[in-house]
Amino acid sequence: MKKYHGAFIKNEREVGCLREANRMVANILDAVGDMVAPGLPTMRLEELARDMCADYKVKPAFLGYCGYPFAVCCSVNEQVVHGFPSARLLQEGDIVSIDMGVVFEGFVGDAARTYPVGQVSDEARRLMRVTEESLYVGIEKARAGNDVYDIGAAVQDYVEAAGFNVVRRFVGHGVGAKMHEKPEVPNFRPGMHGLTLQNGMVIAIEPMVTAGTYEVDILDDKWTAVTRDGQWAAHFEHSVAITPEGPRILSISDRGLNRHTIDG
């Protein structure tokens, strides 16, 4: 790997490893989505993810990372990110965000989705839809020669036009041999110039969108981030390679690239 202002430029083999790691993550997220249902303990999603990692013979990337005790981040309703799976039962009308990563041949796959639990309100479905759509709006800006902050500007404009807000405390990031590499990829407009994107970079773009304030608090477990006003949040993430042909989404499952919450 070469470096460009602190960011790693991956070669074809390295991008291939990242694609395979992300394919596994996407397959796990597909299986999680199939399992999500009212009455399910969220720990079952953790168990499923660990079982699939064992089948793939890969290590869960999050487990033990900076002391994080689980393989998945499982965040329900007002929980934005980094929620713990537990004995909590999902309820009809909830939404649940699952963030997942694996390590394959030394490279990290990282992706996230938010799922409806049974029948959800129109507003909850719109929150998920806008968040997912904003991810693809951001991905469209992930092109060589663009400023990395063009991604966040596009996400912020799209989200705020829909009446929602984007979290500032957590951002996307480069991904490769480490889960968090340069550059940081905000989901908002920082008000300055960032790194110019180069072919061979791989970045994780992950809008975290709230129905109310974008301010968050961290619970006593030192991990779970919740909205300060208790309103709900959604989270979608893809790992994306910057290529001469444009952005290439790596976190595509064997089922293909599905829009998981957008109606139709």
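Predicted model: local features only at pLDDT ≥ 70, side-chain atom pairs only at ≥ 80, totals over all residues.
Leaving aside neighbours within four places in sequence, Gly-106 is in contact with Gly-176 and Ala-177. Gly-106 and Gly-176 are 70 residues apart along the chain, and their C-alpha atoms are separated by 8.4 Å. As for its setting, Gly-106 lies in the loop that runs between β6, residues 95-104, and β7, residues 107-116. Its relative accessibility is 38%, so Gly-106 counts as partly exposed.

Which side chain of opposite charge is nearest to Glu-237? That side chain is Arg-113, at 9.9 Å. Glu-237 is buried and yet has no salt bridge; the cut-off for such a bridge is 4 Å, between a side-chain nitrogen of Lys or Arg and a carboxyl oxygen of Asp or Glu. What, then, surrounds Glu-237? Beyond four places in sequence, its contacts include the acidic residues Asp-99, Asp-110 and Glu-206. Also in contact with Glu-237 are Ala-111, Ala-112, Leu-135, His-173, Ala-204, Ile-205 and Ser-251.

The space in the largest pocket is about 310 Å³. By class, the lining has 11 nonpolar, 3 polar and 4 charged residues.

I close with some points of backbone geometry. Pro-183 itself belongs to strand β10, residues 181-185.

Two residues other than glycine have a positive phi. For Lys-57, phi is near 60°. Lys-57 is placed in the loop between α2, residues 43-56, and β3, residues 59-60. Is Lys-57 buried or exposed? Its relative accessible area is 75%, and Lys-57 is therefore exposed, the threshold being over 50%.

For Cys-66, phi is about 55°, again positive although the residue is not a glycine. Cys-66 is found in the loop between β3 and β4, the latter covering 72-76. With a relative accessibility of 65%, Cys-66 counts as exposed.

Conventions: Residues numbered from 1 in each chain as written. Heavy atoms only, no water. Buried < 20%, exposed > 50% of the residue type's maximum accessible area, 1.4 Å probe, protein only. Contact = heavy atoms within 4.5 Å. 1 Å grid on protein atoms, 1.4 Å probe; cavity = no way out; pocket = protein on both sides within 12 Å on 5 of 7 lines; lining within 4 Å. Points joined across faces, edges and corners; volume = space filled by probe spheres on them. Nonpolar A, V, L, I, M, F, W, Y, C, P; charged D, E, K, R; others polar. Helix = DSSP H or I, 4+ residues; strand = E, 2+ residues; numbered from the N terminus.
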